[in-house]
Amino acid sequence: MATYRYCTPQWLEESSKIYRSDPDFKEKLKKVSARMSYRVKAEPAWGIDTDIFFSTFFDKGELTKMAFCTGEEAKKESDYLLAATPPEWKRILRKERKFITDFTLGKIKLEHGSKVGVLGVAPYANSLIEVLTQVDLQFPDEMSPEELTGYRLYLEEFRAELGV
């Protein structure tokens with residue numbers, strides 16, 4: 001299995017491709033119609049010098065968008081915008097912590113949308129997390145200093161290119 005770096009276009013593209021090719025995902029999420037965006041807060045020690053946003057939109061289980069976006073787009077286009085630090089997102093994606101627990105404890109903040117709405121989607125959190133973890137993920141704290149430098153430069157490059 002190929003390894004993909006966290007918060008890169010390749011990660012989202014491959015996750016999207018896998019989702020669309022696996023009918024079981026759509027079946028698990030057939031009751032989900034939500035436009036979710038995520039803020040990964042800046043963490044310079046992880047090579048993430050400014051906040052980065054990405055969205056996952058579902059319509060009755062159909063994946064309609066999985067892409068990076070600006071903060072303005074996230075608020076304008078999404079039903080919900082959730083924010084956390086990269087280490088917190090890593091714990092969620094590595095399944096070391098439960099989304100609902102950390103959301104309730106305030107480790108994951110709701111920046112846009114209704115808390116009741118998020119809690120309505122929460123029963124599907126494990127399946128939504130599964131969508132983003134079907135690939136082998138490498139997080140910045142698992143990179144050598146040289147890899148981290150390259151990662152930081154790559155983030156700057158693709159973000160400038162995409163305008164995000």
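Predicted model: local features only at pLDDT ≥ 70, side-chain atom pairs only at ≥ 80, totals over all residues.
Residues are numbered from 1 along each chain as its sequence is written, and side-chain values use heavy atoms, with hydrogens and water left out.

Tyr6, together with Trp11 and Leu82, has the most contacts inside the largest nonpolar core, which comprises 46 residues. Such a core is a set of buried Ala, Val, Leu, Ile, Met, Phe, Trp, Tyr and Cys residues joined through side-chain atoms within 4.5 Å; buried denotes under 20% relative accessible area (1.4 Å probe, protein chains only). The greatest contribution to this core, 5 residues, comes from helix 7. Helices (H or I, at least four residues) and strands (E, at least two) are DSSP runs, numbered from the N terminus.

Helix 4 (residues 86-93) is largely enclosed by the rest of the structure, because 7 of its 8 residues are buried. These are Pro86, Pro87, Glu88, Trp89, Lys90, Ile92 and Leu93. Their cover includes helix 1 (9-21), strand 2 (34-40), strand 5 (80-84), helix 5 (99-104), helix 7 and strand 7. Just after helix 4, Lys95 adopts a positive phi of about 60 degrees.

Thr133 occupies the loop between helix 7 (125-132) and strand 7 (136-138). Thr133 is buried, at a relative accessible area of 18%. Neighbours within four places in sequence aside, Thr133 contacts Leu93 and Lys95.

Note on methods:
Buried < 20%, exposed > 50% of the residue type's maximum accessible area, 1.4 Å probe, protein only. Contact = heavy atoms within 4.5 Å.
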